[in-house]
Amino acid sequence: MTTAVYKLVISVVDDLFGPICAKTISTLVSHHRVNMRDLINLSGFDRRTVNQALCVLIGHNFVNFDEPVIDGKRKPVVYSVNIRNCVVMVMFPIFVHVVKSLHGDIAEIILEEVLHQGCTTRDKVLETCRMRIKASNSSKIDADTMENMFDVLVSRNYLEKTEDPDMDDDGKERSAKRFKGDDSRVLWRVNSNTFLNYLRDQEIVKFVRSKFDEASAEIVSIILTLNTQAPGDLTQMSSSISYDQILQNLKAKKPNLVPFAQGYLDILVDSPLGIVKVVRDYNNSYYINFTSFYEEYTRAHVASIVKERFGPKCQRVFSIVLSKNMIEQKQVAELAMLPFKDAKELLYKLYSEGFLKLQELHQTPDLCPARTFYLFNAPMEQIRMKLLDVCFKAAHNLMAIRKDKLNENARLVDKSLRADAAIVQAQQSGLSADDLEDMLTSSEKQQLGVCMRIVKRLDLGEITLVDSICALSHFGAANVA
């Protein structure tokens, strides 16, 4: 695990649950798999504190636990950090936005509550949501509407059943409880894989639209919609969809494209991108190759990063090296239509930044430079991991800066919150709130406004980073540790 991932995991946990949980997960990250006794000794906390911290972290799926069996004998329960789920937590604002755009405000409130609790029961979520809506003086929403929306989220697999992480005072996990026949005690948590797959499918359609046209994107969208894989499945290809099924759905959505459907499918299959594949049989079936999409999407994303950091000429040089696998600098200069000196400078600039690798092929045993071929290539997997590490480091830095800013202005933030609460209470009681609005002086309001603007920009920067993390982590399908 890189230092950047380590720091990001600690920052996320500290931001959400406080220093005790952060210290606990820091100990687990440092020592990988730890039992309760060692965790108490290493963290410096007492047994009760460690047990409570573990319950919180396991409830949010940040920590895994298992009871190893050696030579037929059960050993103490060991705990380890689920790095992937900790990183996915950074993407949760995007998940909330997706649910709101697809299913409305009620679904947003329900998802926020489940995310806040980690894993919780249906009744508890619905009761908390009712209290939130009542406190916000929103329009009245009946219980049936909220229950139906919860059922919709379950049916779309945005929420999934989970086990009860119940532990005794010794830190030993009691038998994981699956409550059958009693839905009121079933625990639910957010299924992040479903959201990641949705984001992946949307990016596939956008990518095809940018490379081909709207009609091709519509056909790919139909194939993804008809995908019969289990929701949340992270396999590398979709299920095969017959040509007749594609035509049937195309007639309902875009009947004017039906006569040209076969031609568009042939173009997509013959494309060197390799995103759409065909199974030749009596009725051709088509599927999406996610591996090919990840490769092409990562290449495009890395090329855009090169353009932003080094300019369009560097991007042109990088794209040429990327397309040729191995190439000499003289050939790069000719294909990029640049002077040899400029091409050489750009190549070695990319090489020094780690975007290119250099391989030497010696013609003679004396290793003479004049009789040596210097070939450049772009190691995409190394570049992907390097940029992912940079994204993790940037996310950690943004969180740290935001925390420092809020700590510097903690008194003003607390005073502002108390003033807002008092104003709301006065309005509800029918009293005048004019005097309460002057609790903050003009200079304090100005200072608080500057702080909030900075925090808002940091939050927006953090959300922007999520796009790069999604692309470079292959929407959760690739290793991020």
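Colleague: Which residues in α18 do those in α1 meet?

Modeller: This is a predicted model, where local features need pLDDT of at least 70 and side-chain atom pairs count only at pLDDT 80 or more, while totals for chains, interfaces and linings use all residues. Residues are numbered from 1 along each chain as its sequence is written, and side-chain values use heavy atoms, with hydrogens and water left out. Helices (H or I, at least four residues) and strands (E, at least two) are DSSP runs, numbered from the N terminus, and contact means heavy atoms within 4.5 Å. From α1 come A4, V5, K7, L8, S11, V12, D14 and D15, and they meet D389, F392, K393, A395, H396, M399, R402 and K403.

Colleague: How many charged residues are in the contact of α1 with α18?

Modeller: Ala, Val, Leu, Ile, Met, Phe, Trp, Tyr, Cys and Pro count as nonpolar, Asp, Glu, Lys and Arg as charged, and the others, Gly among them, as polar. On that basis the contact has seven nonpolar residues and two polar ones, and the number of charged residues is seven.

Colleague: At roughly what angle do the axes of α1 and α18 cross?

Modeller: Axes are lines fitted to C-alpha atoms, for helices over the stretch in contact, with angles from 0 to 180 degrees between N-to-C directions. Helix α1 (residues 3-17) and helix α18 (residues 380-408) have axes that come within 8 Å, crossing at roughly 35°.

Colleague: Is N82 buried or exposed?

Modeller: N82 lies in the loop between β5 and α5 (83-88), and touches N61, F62, V63 and N64, not counting residues up to four places away in sequence. Buried means under 20% relative accessible area, exposed over 50%, partly exposed in between (1.4 Å probe, protein chains only). Because its relative accessible area is 17%, N82 is buried.
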